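Thanks for coming. Please have a look at the sequence and the model, and then I will go through a few places in turn.

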Amino acid sequence: MTTIGLIGAGHIGSQLARAAIAHGHDVVISNSRGPETLAELVAELGPAAKAGTPADAAEAADIAVVTTPVSAIGSVPVEPLVGKPVIDTNNYYSQRDGVIAELEDGSLTSAELLQRHLAGAHVVKAFNHIQAAAITAESQAAGTPDRRALAVAGDDEAAKAAVAAFIDEVGFDVLDLGPLAEGWRVQPDTPGYGPRLTVDGLREAAESATRKTP
Ligand SMILES: NC(=O)c1ccc[n+]([C@@H]2O[C@H](COP(=O)([O-])OP(=O)(O)OC[C@H]3O[C@@H](n4cnc5c(N)ncnc54)[C@H](OP(=O)(O)O)[C@@H]3O)[C@@H](O)[C@H]2O)c1
């Protein structure tokens with residue numbers, strides 16, 4: 001059993017909390033407005049869940065998750081995440097996040113932007129290309145034929161392995177895209193972003209993706 005520390009409790013954060021608890025983990029979940037605003041969600045999640053501040057979630061985490069608008073990543077606590085795997089589910093939308101030049105011109109991925117902020121943490125891009133509801137609706141046991149696959153990208157192999165094991169546990173095969181810089185292959189507007197694909201289909205989609213270059 002591990003503790004999943006969630007920074008963000010919206011569509012994806014709440015779904016990852018449900019998935020983690022269904023597979024035997026504890027969760028500490030946080031948002032921008034304070035733990036008291038999460039009482040209803042924590043009551044639904046049951047005794048394995050606690051609400052906290054983002055710092056509480058980061059401190060408690062064996063695996064942390066940043067699942068906020070990209071515009072919020074500058075406020076994610078840095079020190080308590082040093083040395084930890086940090087799942088980044090985020091996608092960049094300029095209409096929501098404001099224009100970020102390095103993301104607009106493709107010189108950085110949104111996960112690399114989070115990694116730059118979280119010095120010493122091990123960011124792993126994951127769960128960004130699946131619709132929130134599908135995290136529970138499309139979960140299947142390991143070995144199920146035609147199981148859906150989700151991608152990971154990250155620079156630290158141990159962190160990536162820990163996240164891959166979590167993804168497998170909560171119901172999906174895993175495709176390793178390689179280092180964090182390769183995460184663009186499943187960002188919005190790529191063929192792998194959104195559809196239900198097996199590991200072979202997702203690999204094909206990721207390989208056929210084209211990148212905006214600076
Ligand atoms: N929805 C999807 O199906 C989907 C799929 C894949 C990836 N994504 C990406 O995953 C990320 C999260 O998406 P979502 O749909 O879950 O968003 P959402 O429903 O809008 O939830 C965002 C969460 O982030 C919290 N938050 C905002 N600023 C924060 C801060 N400074 N510190 C701590 N928490 C903060 C919000 O808390 P408050 O409400 O208290 O402000 C809220 O709980 C986004 O980048 C999105 O593009 C979404």
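Is arginine 147 buried or exposed? Arginine 147 counts as buried, at 2% relative accessibility. Buried here means under 20% relative accessible area, exposed means over 50%, and partly exposed is in between, with a 1.4 Å probe and protein chains only.

Before going on, two notes on the source. This is a predicted model, in which local features need pLDDT of at least 70 and side-chain atom pairs count only at pLDDT 80 or more, while totals for chains, interfaces and linings use all residues. Residues are numbered from 1 along each chain as its sequence is written, and side-chain values use heavy atoms, with hydrogens and water left out.

Back to arginine 147. This residue sits in the loop between α7 and β7. The helices (H or I, at least four residues) and strands (E, at least two) are DSSP runs, numbered from the N terminus. Leaving aside neighbours within four places in sequence, the contacts of arginine 147 include Gln140, Asp168, Phe172, Asp173, Arg196 and Val199. A contact means heavy atoms within 4.5 Å.

Next, helix α1, residues 11-22. Its end C-alpha atoms are 17 Å apart, and this agrees with the 16 Å that twelve residues should span at 1.5 Å a residue. The expected span is 1.5 Å times one less than the number of residues. Which residues of α1 are buried? They are Ile12, Gly13, Ser14, Gln15, Leu16, Ala17, Ala19 and Ala20. Their cover includes β1 (3-7), β2 (26-30) and α2 (39-45), along with β4 (63-66), α7 (134-137) and α8 (157-170). Just after α1, glycine 24 takes a positive phi of about 90°.

Now the ligand. An N or O atom in the side chain of histidine 11 is 2.7 Å from an oxygen atom of the ligand. Arginine 33 has a polar side-chain atom 2.7 Å from a ligand oxygen atom. For asparagine 91, a backbone N or O atom lies 3.2 Å from an oxygen atom of the ligand. The protein buries 78% of the 890 Å² that the ligand exposes when taken alone. Those areas come from the Shrake-Rupley method with a 1.4 Å probe, and for residues only the protein chains shown count as cover.

Asparagine 91 itself is in the loop between β5 (85-88) and α4 (94-97). Asparagine 91 is buried, with a relative accessible area of 9%. Its side chain reaches the backbone oxygen of asparagine 128 at 2.8 Å. Apart from neighbours within four places in sequence, asparagine 91 is in contact with residues including Val70, Lys125, Pro188 and Tyr193.

On to the nonpolar cores. A nonpolar core is a set of buried Ala, Val, Leu, Ile, Met, Phe, Trp, Tyr and Cys residues joined through side-chain atoms within 4.5 Å. The largest has 32 residues, and those with the most contacts inside it are Ile4, Leu6, Val27, Ile87, Phe127, Phe166 and Ile167. Two or more residues each come from β1, α1, β2, α2, β4, α7, β7 (149-154) and α8. A second, separate core has 23 residues, including Ile7, Val66, Ile73 and Leu180.

In strand β1 there is also glycine 5. At 1% relative accessibility, glycine 5 counts as buried. Not counting residues up to four places away in sequence, glycine 5 touches Val28, Ala57, Ala61, Ile63, Ala64 and Val65.

How many of the eight residues of helix α6 (residues 110-117) are buried? Six are, so α6 is largely enclosed by the rest of the structure. These are Ser110, Ala111, Glu112, Leu113, Leu114 and Gln115. They pack against β4, β5, α5 (101-104) and β6 (122-125).

Last, histidine 129, in the loop between β6 and α7. Histidine 129 is buried, with a relative accessible area of 1%. A polar atom of its side chain lies 3.0 Å from the backbone nitrogen of alanine 151. Not counting residues up to four places away in sequence, histidine 129 touches Arg148, Leu150, Val186, Tyr193 and Leu202, among others.

Technical notes
A polar contact is a pair of N or O atoms within 3.5 Å; within protein, one must be able to donate a hydrogen and the other to accept it, and residues adjacent in sequence count only if both atoms are side-chain atoms.
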